[in-house]
Amino acid sequence: MQNMVEIFKTNVESNDQAHLLIEQINRIFTGYQASFDLEDCDRILRISFTEGMVQSECLIRLLHDFGFYAEILADEIINPESMMYS
């Protein structure tokens, strides 16, 4: 079974905040693997899961309940035919 990944832009700033949120996500959403990339300019939250769809609205609400902002980071698909080369 293939893992699916949903990526969120957040305003989480510290490792302590990230650890707290990961603990809450793991407690509430069984089957999710959560990780943060705080070095990224969007302070990425990655949710990996194997079954069903990620409950994005519930995750966003959970972060909001803890005082943080989150939004789904849209996939960027690049069409090679539309790229211009110099």
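**Figure 1. Accessible surface and overall layout of the predicted model.** The accessible surface of the protein is about 6,500 Å², and carbon and sulfur atoms contribute 49% of that area. Areas were computed by the Shrake-Rupley method with a 1.4 Å probe, and for residues only the protein chains shown count as cover. The model is predicted: local features need pLDDT of at least 70 and side-chain atom pairs count only at pLDDT 80 or more, while totals for chains, interfaces and linings use all residues. Residues are numbered from 1 along each chain as its sequence is written, and side-chain values use heavy atoms, with hydrogens and water left out. The protein contains two helices and four strands, arranged along the sequence as β-α-β-β-α-β. Helices (H or I, at least four residues) and strands (E, at least two) are DSSP runs numbered from the N terminus. Of the 86 residues, 30% count as buried; buried means under 20% relative accessible area, exposed over 50%, and partly exposed in between (1.4 Å probe, protein chains only). Among contacts (heavy atoms within 4.5 Å) with a separation of 6 or more, 62% are between residues 24 or more positions apart.

**Figure 2. The salt bridge between Lys9 and Asp42.** One salt bridge is found in a search of the whole structure. The term denotes a side-chain nitrogen of Lys or Arg within 4 Å of a carboxyl oxygen of Asp or Glu. The side chains of Lys9 and Asp42 meet at 3.7 Å, N to O. Lys9 belongs to strand E1 (residues 4-10) and Asp42 to the loop between strand E2 (33-37) and strand E3 (44-49), so the pair ties together parts that are 33 residues apart in sequence. Lys9 is partly exposed, at 30% relative accessible area, whereas Asp42 is buried at 18% relative accessibility.

Figure 3. Leaving aside residues up to four places away in sequence, Asp42 touches Lys9, Thr10 and Leu73. Lys9 is also the salt-bridge partner of Asp42.

Figure 4. Ala34 is buried, with a relative accessible area of 15%. Not counting residues up to four places away in sequence, Ala34 touches Ile22, Ile25, Asn26, Leu45, Arg46 and Ile47. The C-alpha atoms of Ala34 and Arg46 are 5.7 Å apart in space, and the two residues are 12 residues apart in sequence.

**Figure 5. The aromatic cluster of Phe29, Tyr32 and Phe49.** Rings of Phe, Tyr and Trp (its six-membered ring) pair if their centres lie within 6.5 Å; planes under 30 degrees apart count as stacked, over 60 as edge-to-face and the rest as tilted. By this rule there are two aromatic pairs. Phe29 and Tyr32 form a stacked pair, with 5.1 Å centre to centre and 0° between the planes. Both residues of this pair, Phe29 and Tyr32, are buried. Tyr32 and Phe49 form a tilted pair, with 5.9 Å centre to centre and 45° between the planes. Tyr32 lies in the loop between helix H1 (15-28) and E2, and Phe49 in strand E3, so this pair ties together parts that are 17 residues apart in sequence. Tyr32 and Phe49 are both buried.
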